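Colleague: I should like to learn how to read a model of this kind. Please take the features one at a time.

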Amino acid sequence: MTHFKGDLTLSSLRSLSNLMFLTNLTRIEGNLKLNSLDDGGYHVETTRGIDSLLGLESLGRIDGDLLIYNNGMLTTLDALSSLWKVGG
């Protein structure tokens, strides 16, 4: 999948260790919410120990909002270096 229509929220994924399943994603036509990636949109909430956003390196555009919060283990946003547009 390279293009996602709608909001992307990942929630209560305690077994998630990375975001590599999103490697080919280039555009989200909605919001991307990343919340509590360290056991604490699309939405990532309550996962265990994700310290980077590896897997999102191809993401270039988010038509909605990018929300990242409650991610104490997250140490870098380097994987978002291809992101050139967020919001309308």
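Modeller: Residues are numbered from 1 along each chain as its sequence is written, and side-chain values use heavy atoms, with hydrogens and water left out.

Colleague: What is the average pLDDT of the chain?

Modeller: pLDDT is the predictor's confidence in each residue, from 0 to 100. The chain averages 82, and 77% of the residues score at least 70. Over residues 40–47, pLDDT stays under 50. Where pLDDT is low, the predicted coordinates should not be read in detail.

Colleague: In which order do the strands of the open sheet lie?

Modeller: Strands are DSSP runs (E, at least two residues), numbered from the N terminus, and two of them pair if DSSP finds at least two bridges between them. Here the order is β1-β3-β6-β8, with parallel pairing. The edge strands, β1 (3–5) and β8 (85–86), each pair on one side only. Between β6 (residues 61–62) and β8 there are two bridges; Arg61 has Lys85 in β8 as its bridge partner.

Colleague: Is His3 buried, partly exposed or exposed?

Modeller: Buried means under 20% relative accessible area, exposed over 50%, and partly exposed in between (1.4 Å probe, protein chains only). His3 is partly exposed because its relative accessibility is 32%. This residue belongs to strand β1.

Colleague: Which residues have the most contacts inside the largest nonpolar core?

Modeller: Such a core is a set of buried Ala, Val, Leu, Ile, Met, Phe, Trp, Tyr and Cys residues joined through side-chain atoms within 4.5 Å. The largest has 18 residues, and those with the most contacts inside it are Leu8, Leu19, Leu32, Leu53 and Leu56.

Definitions and conventions
This is a predicted model: local features need pLDDT of at least 70, side-chain atom pairs count only at pLDDT 80 or more; totals for chains, interfaces and linings use all residues. Helices (H or I, at least four residues) and strands (E, at least two) are DSSP runs, numbered from the N terminus. Contact means heavy atoms within 4.5 Å.
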